[in-house]
Amino acid sequence: MTTTAPAPARSTMPLLSGRVTGQELVLLGVITLLWLALGVSTDTFIQAGTLSNLAYNVAPIALVGIGMTVVIVCGGIDVSVGSAVTVVTVIVAKLVRDQGVSLPVAVVVAVGVGALLGLVNGVLISVGRVHAIIITFGTLNVFRFVALRIFDSEQVAGVPGTLAVLGGGQTGETLHVPHAFVVMLLLAGAMWWYMRNTAGGRHLYAMGGDRLAARLAGVKVQRREVLAYVLTGVLVGLASCVVIGGGGLIGQNVGVGLELQVIAAVVIGGTSIMGGRGTVLGTVLGALLVGTVASGVTILHWPSQLTSLFVGVFILVAVGTDVVRERSRRRA
Amino acid sequence: MDDGTASRGEVLLSVDGLTKSYGAVRALKGVSVEVRRGSVHAVVGENGAGKSTLIKIVSGAESADAGRISFDGAPVAMASTNAAMGLGIATVYQEPQLFADLTVAENIFVGREIVRGGRIDWRAQSERVRTLLADLGLPERYADRQVGDLSVAAQQQVSIAKAMAGEARLLILDEPSAILTDNEIDILFALVRRLVARGVAVIYISHRLDELFRVTDTVTVMRDGDIVGTYPTDDLSVREIAEMMVGHELANDRPDRDAPDGEPLLSLRGLGRGDLFHDIDVDVAAGEIVALYGLVGSGVDEIAKTLYGVERPTAGTIAVAGRPVDVRNPRAAQRSRLAMLPSDRKHQGVFAFQSIAFNITTGHAHRFRRFGFLMDRARENTVAKDLMAKLAVKAPGPRTPLNALSGGNQQKVVLARQLVERPDVLVLEEPTQGVDVGAKEEIHRLVTELAEQGTAILVVTADLPEALRIADRLVVVRQGTTTVEFGPTARQADVLAAAAGDTGSEDAA
């Protein structure tokens with residue numbers, strides 16, 4: 001990965017040094033252990049069907065998680081993503097069913113509507129100077145209202161398979177790997193690189209670390225902030241396509257609670273909820289860990305509420321690590 | 001005024017006739033000073049003397065009402081901090097302004113990254129920072145470490161390196177030593193000397209006068225918005241600088257009263273916390289007012305926090321009426337009849353959105369209860385009204401929300417809270433900070449009154465005239481420990497000199 005000269009014992013890439021990788025390595029280790037344990041103790045986990053299903057389920061969470069990581073790193077949060085998915089999903093599902101639009105048109109509309117919703121959040125937060133959690137909590141409810149009006153008190157049934165190429169079925173896979181998962185990995189890789197290696201990416205961290213100081217250093221704080229929410233909206237659009245591709249029936253509860261799964265993945269992935277620290281790689285691993293646990297609980301026929309317990313423990317451990325780290329810093 | 005500056009090079013910065021007013025307050029009254037290349041130029045003065053205003057104008061953070069500034073021989077308009085930085089004037093503030101989660105190299109380059117082909121050239125940045133650090137005699141290995149992992153002292157060095165990365169020719173250090181230990185100060189001074197050897201000019205702001213002799217060559221003393229004089233440091237002593245800062249002694253308008261001399265009601269023995277302060281010994285008798293006076297960085301504010309139970313001591317004892325008490329939290333302090341008035345009203349003192357009555361009776365709920373749980377609003381109002389009258393709180397009524405009041409009136413309300421039940425011991429921290437003159441007198445009168453009723457009062461303050469005015473005894477805290485003690489008739493210059501590190505005045509008590 002390093003494109004710089006490999007100098008022994010010192011890295012010139014900031015995020016490869018120190019504890020950030022530590023958290024990612026730990027996550028990777030935990031996931032590997034879980035996979036090994038599940039593979040040994042069950043006959044069904046290490047099977048193409050199970051794993052591709054796991055990958056498909058993780059994809060939308062990780063996709064939105066990419067945007068959420070950016071938003072949280074630069075000091076905000078977006079709790080409206082679940083409702084935004086509902087809005088995009090119902091609009092695009094109805095277009096596909098009633099107007100018979102093609103795949104490219106459906107994707108463009110999804111991304112466009114998502115970006116618009118993100119723009120609304122970004123502008124309100126940037127102009128209103130109210131904490132992002134309040135603004136997006138408001139838009140969560142407004143988006144939900146909009147979505148329900150479009151649903152018009154019915155489910156959207158009989159959606160044709162226009163988006164199945166991004167879905168969880170046979171058409172959505174190549175060699176048992178869901179296309180949605182591949183798209184997510186490509187985008188995550190691109191974002192990861194951007195955040196590590198470009199001035200614009202590093203400025204996101206500066207903003208989250210100290211907003212005023214970042215502005216004084218010449219960072220266009222407001223513009224970058226709005227863009228972070230727009231990016232999240234774009235990813236919400238893609239995630240919605242993945243959801244629609246998954247099946248012919250879109251219920252009114254689609255997307256409900258997604259924001260919590262996404263934020264869980266981001267936090268477990270080592271991103272500080274206070275901003276200034278975190279990576280997209282961590283978020284993808286966080287989403288994979290949550291997906292693995294959910295899948296494992298199902299396969300082992302354990303009560304499904306155990307998933308919540310495990311996710312809760314992971315979040316507390318991740319946040320605890322963060323707190324311990326900050327305290328030890330302050331003592332230094 | 002008089003200008004016997006040690007000339008160590010040509011004039012780099014020259015300000016002439018600078019004036020600046022904030023409302024009715026004239027912060028600068030026509031200040032002229034010259035700073036030379038390769039010189040460490042100290043600017044000293046008491047709080048409010050005008051040094052920070054002068055610095056703000058020179059660094060472009062504020063603009064002057066009148067006067068000229070020239071830099072490197074050419075007149076300049078210092079329109080913004082960016083303009084100042086463009087000229088090569090950099091300011092390092094007391095608290096490092098850095099991004100904790102970025103590396104040192106990134107911090108130094110943030111906003112002007114070296115970009116090649118769309119991506120940051122980490123290697124080039126790191127190399128440049130290593131060269132810069134080596135150049136300044138700082139450890140090269142800092143370059144790729146996250147700033148948050150470095151000590152405060154190292155962070156300050158990074159701030160200086162950041163300033164120097166912009167090719168600063170005039171470096172302003174605003175009380176750099178206040179947050180450092182002795183050892184770290186040595187390292188700072190070594191760094192300053194290296195910069196000066198390269199022809200950089202340094203303006204050095206400090207309250208610790210003893211330091212000036214170790215690192216500066218020129219001293220400008222300010223008082224009341226004017227410059228008292230500029231001298232070669234070596235021609236002066238701590239004592240002389242202190243005299244100039246204070247000016248002629250004002251007649252001490254101290255209320256006439258006899259200092260009581262009973263058994264100590266509050267007694268601190270060998271009190272210490274970490275490396276912030278140690279071996280604090282103070283006794284306060286019933287009815288006595290003792291002031292703990294120390295400069296910024298002396299640790300005096302940390303002592304107050306410990307007495308409040310906000311932080312726990314790591315050594316020594318606090319005794320009230322001869323019995324040791326464990327002040328493990330503010331509630332425990334209150335139960336030992338130890339009351340306190342914190343300096344940070346906003347965070348520790350008031351409930352801004354609540355009424356005056358609420359603010360006064362908070363913590364005394366048991367006195368206003370009916371049937372064991374209902375608040376007796378009528379009685380609450382009566383007590384609040386009484387105290388408001390007694391303290392001359394200017395407000396429509398006891399139900400006025402606190403944030404509708406001026407700072408002085410808010411402070412009176414917080415003080416009133418301590419008067420609902422007269423405490424045995426009252427600790428006041430900067431009781432009149434940010435309060436107008438009228439309210440200040442009111443507060444002093446009340447404190448004295450409380451003492452006369454038998455409360456032992458400890459005032460922790462950096463306001464020397466105030467300390468001398470209300471205290472029966474004044475204990476100087478320097479470098480984290482109690483040193484000399486003065487009576488109420490001590491001269492300001494003597495106390496200041498002792499607090500600022502003139503060890504020769506130990507016998508001045």
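Strand β3 (residues 40-44) of chain B and β11(B) run parallel to each other and pair over 4 bridges; two strands count as paired if DSSP finds at least two bridges between them. Helices (H or I, at least four residues) and strands (E, at least two) are DSSP runs, numbered from the N terminus. This is a predicted model, in which local features need pLDDT of at least 70, side-chain atom pairs count only at pLDDT 80 or more, and totals for chains, interfaces and linings use all residues. Residues are numbered from 1 along each chain as its sequence is written, while chains are lettered from A and ligands numbered from 1 in the order in which they are written.

**Around strand β11**

- Facing B:Thr218 of β11(B) you will find B:His41.
- Strand β11 (residues 218-223) of chain B has 5 of its 6 residues buried, so it is largely enclosed by the rest of the structure. Here, buried means that 20 or more other C-beta atoms lie within 10 Å of the residue's own; exposed means 12 or fewer, partly exposed is in between, and C-beta atoms are placed from the backbone.
- β11(B) also pairs with strand β12 (residues 226-232) of chain B, this time in the antiparallel sense and over 6 bridges.
- Within that pairing, B:Thr220 has B:Thr230 of β12(B) as its bridge partner.
- The hairpin of β11(B) and β12(B) has 2 residues between the strands, and B:Asp224 takes a positive phi near 50° there.

**An open sheet of 6 strands**

- In chain B, 6 strands line up as β18-β21-β22-β15-β23-β24 to form an open sheet with mixed pairing.
- Its edge strands are β18 (338-341) and β24 (481-486) of chain B, each of which pairs on one side only.
- From one strand to the next, the twist averages 20°; axes are lines fitted to C-alpha atoms, for helices over the stretch in contact, and angles run from 0 to 180 degrees between N-to-C directions.
- Strand β23 (residues 473-478) of chain B joins β24(B) through 4 bridges in the antiparallel sense.
- B:Val477 has B:Thr482 in β24(B) as its bridge partner.

**Chain B as a whole**

- Chain B contains 17 helices and 24 strands.
- The C-alpha trace of chain B spans about 75 × 55 × 45 Å along its principal axes.
- Of its 509 residues, 50% count as buried.
- Among contacts in chain B between residues at least 6 apart in sequence, 68% join residues at least 24 apart; a contact means that the two C-beta atoms, placed from the backbone, lie within 7 Å.
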